[in-house]
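Me: I have a structure open and want to talk through how it is put together. Can we go piece by piece?

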Amino acid sequence: MAHRLSGGGRSGRTLRHLGLLVGGAVFVMWAVATLTFFAIRLIPGDPAQAILGGPGSQASQEALDQVRRDYGLDQPLLVQYFAMLGRLLTGDLGDSYALKVPVADLLGAQIGGTLLLALLSLALAWVLALALSLVSTGRGRIATAVGEGVELTAAALPQFWLAAVLIAIFSTGLGWLPPVATGTPSGLVLPVVTLAIPLAGFLAQVMRESLLEAMAQPFVISARARGESAVGVRLRHTIRHAALPGISLSGWALGWLLSGAVVVETIFAIPGLGRTLLQAVTLRDIPVVTGVVLLIALVYVLMTVLTDVASRIADPRLRQEAEAQR
Amino acid sequence: MSDPHDAPLLEVTDLRVAFGDTEVVHGVSLRIAPGECVAIVGESGSGKSVTARALLGMAGRGSRAESGTLRIGGRELGNAGEREWRRIRGRDVGLILQDALVSLDPLRPVGREIDDPLRIHERMSQPERRARVHELLASVGMPDPAFAARRRSGELSGGLRQRALIAAAIALDPPLLIADEPTTALDATVQARILTLIAEIRSRGTGVLLISHDLAVVGQLADRILVMRGGVIVESGTAAEVLGSPREPYTRQLIAAVPSDVPRGVALTRPEPTGPTVAVLPEARRSREVDTTREPALLALDHVSKSFAVPGGRFTAVDDVSLEVHRGETLGLVGESGSGKTTVARLALGLTAPDAGDVTLDGAPWSRLDEHARRPQRRRIGAIYQDALSSFDPRWTVERILADAVGAATPGHTPTVSNHEVAALLEQVGLEASVARRRPLTLSGGQRQRVAIARALAAAPEILICDEPVSALDVTIQAQILDLLDDLQRQRGLALLFISHDLGVVRHMADRVAVMQAGRVVETGAADRLFAEPAHPYTARLVADAPRLARA
Amino acid sequence: MSELELRQTTIDAEIAHAPAARRRQRLRLPRVGTILAGAFVVFLLVATAFPVLLETQDPNQIAPSEAFEAPSLAHWFGTDESGRDIYSRVVEGTSTSLLIGVTATVIGLALGLVLGVLAGFGGRFVDYGVNRLVEVLFAFPGLLLALLVIVVYGPGPVTATIAVGLSTAPGYARIIRGQFVAIRSSQYVEAARVLGHARGRIIVRHVLPNALIPIFVLATLGIGQAIVWASALSYLGLGAQPPAPEWGAMLAAGRTYLSVAWWMTVFPGLMIVGTTISTTVLGRALARRGRGDA
């Protein structure tokens, strides 16, 4: 059938697809920046006042005018917009109203910690979800019921509550782990676990679905007919099928973790984007909020592109689906 | 101890398999000698696949298998535990399933799949195993084994991946091979080659147990045939005996139901006393010779082309195709998968517009009309599909489906459709009026297709597009539906555009035939002439490769 | 609204269209679970409508001498820093929390429906545009979009509700659009076209009913998640503020006293968990009944 296909070879198609992905990513970033810009402008109140310490500060008119000039707030809206876009392209995110330091520097220092937290949690969630679904699927009603129950409960746990409970048990109660970040690995254990458990609950549900579907497929019968044991089938065959949705959902999962990081960083007093974001929201520190949102959107979008590519490599059926259509 | 060469490879007596309280296999006995091919023939629900799996200790979840004796290679396995079975599987018995696309792990390279039994049963180093994998692939006729071994099943063509599947099954050269519908998902040409491959394996001394519903395939390969129905073997004997002089009525019914070589117009079924009656036609009818100069075509495709945008360019599904269907005639459209037949159907139905060329209905423009103008004309052309169930709204009852179709046929206001009309439609397709209250999901495949036909007939169309209408049905049910269509055509003077990949079916049903390959029509002509003396090499190949049933 | 929950329901919705022969064998939670879930939901509904019936004490009654009492027969969930009975406050807060959750879900569902229908029917360009818009909104994962709304409009329960609703809308939109697209290209819609039905009629009689039925199940599953996010906002001080007996706010108050009075945190949290689990279980039971397996 390939001979009836015109327009570039296999690599041509891949490049085109990649191009579309990257183009889409750029578009999304632009849209996020634009949306954020105009949404922020809807804030009631005077940004100039916020810069000078908030609505409660008794700023003089001169000071306000000065700030307006400094920050370009007296320019027409569109000028401000394009100015912002221009600055973005050079990586300049403006200065924090509250802390008077460049946002880019502020976030640059924080992002490492947050990403570490998120990635560790993702890894742990993955492992837990895979283990849970492999162990409890297709082994009888009780195992399945227990497995499904565990998944459901895990996914329903609000992070802030789970954090409190874990602290109560492991810090206050048993004294094994510190309740706040100490800069040492042990300080990361509770935060990572708190983030990982609900995510594992979600992932496990999807993996279970995939696993069940895979186990009903004929290739399992073929494998067993060659002498493969039940465990062997699980570990060599169906595990990949179960893991597939985990890959494609990793982008979403990271986004979810970054959301959750807001809560977890606050509770465990970890310096990171989440906590910074929360403080900025409370203080109406617009540049920081914009900066964090953009940064998180960027991470999320990059992750989506990566997982798309990874999915296609892992599952050749996705590539064929497109070719088989007529 | 007798000479192992004389001992049967497989010896089973009184095999019973039950799921919970329901017994599905009631005392099956069979034996296979080295180099012999025994076939179990039956329709769905006959228990043939369950039997085959039970011979591997894999009858299925919640199953209980008991037997008088179950000996493979002389070893008694009646009470074998899972561990013992695992030693047998792959080494003493190999299994080939249908459709390598899902019978091989789509995420693993086929080389790894073939490597598995070597790894499990033998002590070979990795380089040794790899060499053996390549050897095996070469022995099943795989061009470039090293390349193929690294590919996943979806990346190989249908025939090649089926070969890979076979390679995995014979990796340890098991004396017994069980093939469960090994060629059902394949095109005719590929099917022929795979059958040759299996015959080759048999000639090396391997015993083959072939499970199939296709009598023609079985006829080509089997030495002995067992006919199975409802969990019981109803007849057994040599291939010549069973196919040539069948003793049991069911066997005769099965053989009669195979459409190829049954002349046009001769019924494939006889009426069953308690079932729906289908008229038995007294005499055969030769292909209707249509005088194309006098009678204008009812439906005509004139140099139509259609291509689609896919990632990576455009895919030409239909390339400069011209077809004509005249009143009251059946045009068979035959071709392998991917040849563009379904796109032709959609063009004919006006569901998609051609990129070039015209479709006309009774001389008047059809494809050029805009949808608004076309809609009132739609009642003249109806359609039935391969999967009747997905063509029904999942929430609707049969009654609603048919009433809706009748309502659609009377444009303007929607009259209240009486139960009477619905019952009349059902009767025409051989269904009882009580079926109206049921949901399609609760009906059998044959019943669903009848409902689909009833729906298509509601508007009294002049032409019916049939896109693989019987491909998913059992042989005897298929025969009933084909007879029904034939009947209805005769009664109503319907024209049929009958699309199928099954040459035998088209041979039986069509007056004229058009052969499609890769989006083009390579040959058209009267059915008898085309099959007897194909002009185009592709047609010749199709005819040669299609398995024919040798009858008495 | 978690995408995974939505994805689960898409799978459920797809199964609803699959013929019986192709349905997988689904092993499910025993009936007991559904009954328990149902009982819990009944409890919640009564607590919303007639909290007085379930409260053991006046939820706002301050009794400093009874502060920080551990759970006992007198106070099932213990007391808080002002001596108020936590159990009664939890019951009292049910209506607030549920109201927020339901409202947010309704907002998200409505907006998602509009976007999804637009995308499903608006023709290629509209579909493309809406898809990209939804993708953009999705780039604000969960809480972040909500935070953005709050930074614009200020904290408070109303803002929190709207914020959560907006952040769940893209998820619903994607699912709904997916449903419409799948059904539009299904064979029974094509069969209806072949019969000669008008496009509008097909949409009304085939597409809409088949697409929208899973939506109700979606909503049931979504309520739990909405409540979680809303209480997260309250916990962070951006939603309902103490001394409102909203569960998240109660947890916020309990944060400071975690080491002395763990019950202030645990029990309101358990209510949230319980609500999420029971609505999910009920939602799935509904989905199963809709599909016809028991």
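Reply: One definition to start with: two strands pair if DSSP finds at least two bridges between them. Also keep in mind that this is a predicted model.

Me: Ok. What is the strand order in the open sheet of chain B?
Reply: The order is E7-E8-E9-E3-E10-E11, six strands of chain B in an open sheet with mixed pairing.

Me: Which strands stand at the edges, and why is one side of each left without a neighbour?
Reply: Strand E7 (93-96) and strand E11 (232-238) of chain B are at the edges; each has a single partner strand, so one side of each has no neighbour in the sheet.

Me: How many degrees are neighbouring strands turned against each other?
Reply: On average 15 degrees, direction ignored, for neighbouring strands of this sheet.

Me: And E3 with E10 in chain B, parallel or antiparallel?
Reply: Parallel: strand E3 (residues 37-41) and strand E10 (residues 224-229) of chain B are joined by four bridges. B:Ile40 sits opposite B:Leu226 in E10(B).

Me: Which helices pack on the sheet?
Reply: Helix H7 (residues 158-169) of chain B is one of them, touching E7 and strand E8 (176-180) of chain B, and its direction makes about 165 degrees with that of E7(B). Helix H11 (residues 249-257) of chain B packs on the sheet too, where it touches E10 and E11 of chain B; the direction of H11 makes about 100 degrees with that of E10(B).

Me: Switching to domains. How is chain B divided?
Reply: Into domain 1 (1-82 + 175-257), domain 2 (100-173) and domain 3 (299-393 + 428-545). The centres of domain 1 and domain 2 of chain B, taken over C-alpha atoms, are separated by 25 Å.

Me: How many residues does each of those two put into the contact?
Reply: Eight residues come from domain 1 of chain B and nine residues from domain 2 of chain B.

Me: Which helix gives the largest share on the domain 1 side?
Reply: Helix H8 (residues 188-203) of chain B, with five residues. By class, the side of domain 1 of chain B that touches domain 2 has six nonpolar, no polar and two charged residues.

Me: What do E15(B) and E16(B) form?
Reply: A hairpin, with two residues between the strands; B:Asp362 in the turn has a positive phi of about 55 degrees. Two bridges join E15(B) to strand E16 (residues 364-365) of chain B, and the pair is antiparallel. In that pair, B:Thr360 is opposite B:Pro365 in E16(B).

Me: Now chain C. How many helices and strands?
Reply: Eleven helices and zero strands. Chain C has 294 residues, of which 54% count as buried.

Me: How do H9 and H10 of chain C pack?
Reply: Helix H9 (residues 199-235) and helix H10 (residues 247-255) of chain C pack at an angle of about 40 degrees, and their axes are 7 Å apart. The crossing of H9(C) and H10(C) is right-handed.

Me: Which residues make the contact?
Reply: Among them are C:Ala230, C:Leu233 and C:Tyr235 of H9(C), along with C:Trp247, C:Gly248 and C:Leu251 of H10(C). The contact of H9(C) with H10(C) has eight nonpolar, three polar and no charged residues.

Conventions: Residues numbered from 1 in each chain as written. Chains lettered and ligands numbered in written order. Predicted model: local features only at pLDDT ≥ 70, side-chain atom pairs only at ≥ 80, totals over all residues. Axes fitted to C-alpha atoms, helices over the stretch in contact; angles between N-to-C directions. Contact = placed C-beta atoms within 7 Å. Domains from an automatic or database assignment. Nonpolar A, V, L, I, M, F, W, Y, C, P; charged D, E, K, R; others polar. Buried ≥ 20, exposed ≤ 12 C-beta atoms within 10 Å, placed from the backbone. Left-handed = near helix turned anticlockwise from the far one by under 90°.
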